[in-house]
Amino acid sequence: MYDSTDIQNNKGMAIVAYILFFIPLIAAKDSKYAWYHANQGLTLFLAWVIVNVVLGIIPFIGWLLQPIANLALVILAVLGIVAAAQGQVKPLPIIGSYTLLK
């Protein structure tokens with residue numbers, strides 16, 4: 001499904017996708033591998049926004065849970081970066097099954 005040449009040529013873009021998901025959409029628009037990881041990065045970004053908005057609104061309990069949730073999201077980002085660097089097409093745990101970019 002994913003060409004090994006595409007994976008080797010776009011590992012850097014796939015890694016960047018977890019930091020700034022839109023960069024691979026512009027710089028590697030023909031790479032299925034980079035787009036896959038850009039989708040994972042976009043999903044991670046949206047999860048971060050939703051978690052921080054929701055927990056930021058909830059007094060006290062939300063404020064206590066926010067750092068824990070952010071740590072979990074950082075761990076997901078690291079897992080994604082490691083998978084991208086190893087040339088793997090592996091969805092992130094919990095949130096990786098959503099496809100936002102086609």
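The largest pocket in this predicted model has a volume of about 210 Å³. Rolling a probe the size of a water molecule over the atoms is what shows where empty space is left.

What lines this pocket? There are 13 lining residues. Those nearest the centre of the pocket are Tyr18, Ile19, Leu44, Phe45 and Trp48. By type, the lining consists of 12 nonpolar residues and 1 polar residue, with no charged ones.

Which helices does the lining draw on? Helices α4 and α5, the latter covering 61-85, each give at least two residues. The largest share is from α4, with 4 residues.

Staying on helix α4, which spans residues 32-57, please look at Thr43. Is Thr43 buried or exposed? Its relative accessibility is 8%, and buried means under 20%, so Thr43 counts as buried. Leaving aside residues up to four places away in sequence, Thr43 touches Ile95, Tyr98 and Leu100.

Now the whole chain. The protein has 5 helices and 0 strands, so read from the N terminus the order of elements is simply α-α-α-α-α. Its C-alpha atoms fill a box of roughly 50 × 20 × 20 Å along the principal axes.

Of the 102 residues, 36% are buried. If you take contacts between residues at least 6 apart in sequence, 58% of them join residues at least 24 apart.

Conventions: Residues numbered from 1 in each chain as written. Predicted model: local features only at pLDDT ≥ 70, side-chain atom pairs only at ≥ 80, totals over all residues. Heavy atoms only, no water. Buried < 20%, exposed > 50% of the residue type's maximum accessible area, 1.4 Å probe, protein only. Contact = heavy atoms within 4.5 Å. 1 Å grid on protein atoms, 1.4 Å probe; cavity = no way out; pocket = protein on both sides within 12 Å on 5 of 7 lines; lining within 4 Å. Points joined across faces, edges and corners; volume = space filled by probe spheres on them. Nonpolar A, V, L, I, M, F, W, Y, C, P; charged D, E, K, R; others polar.
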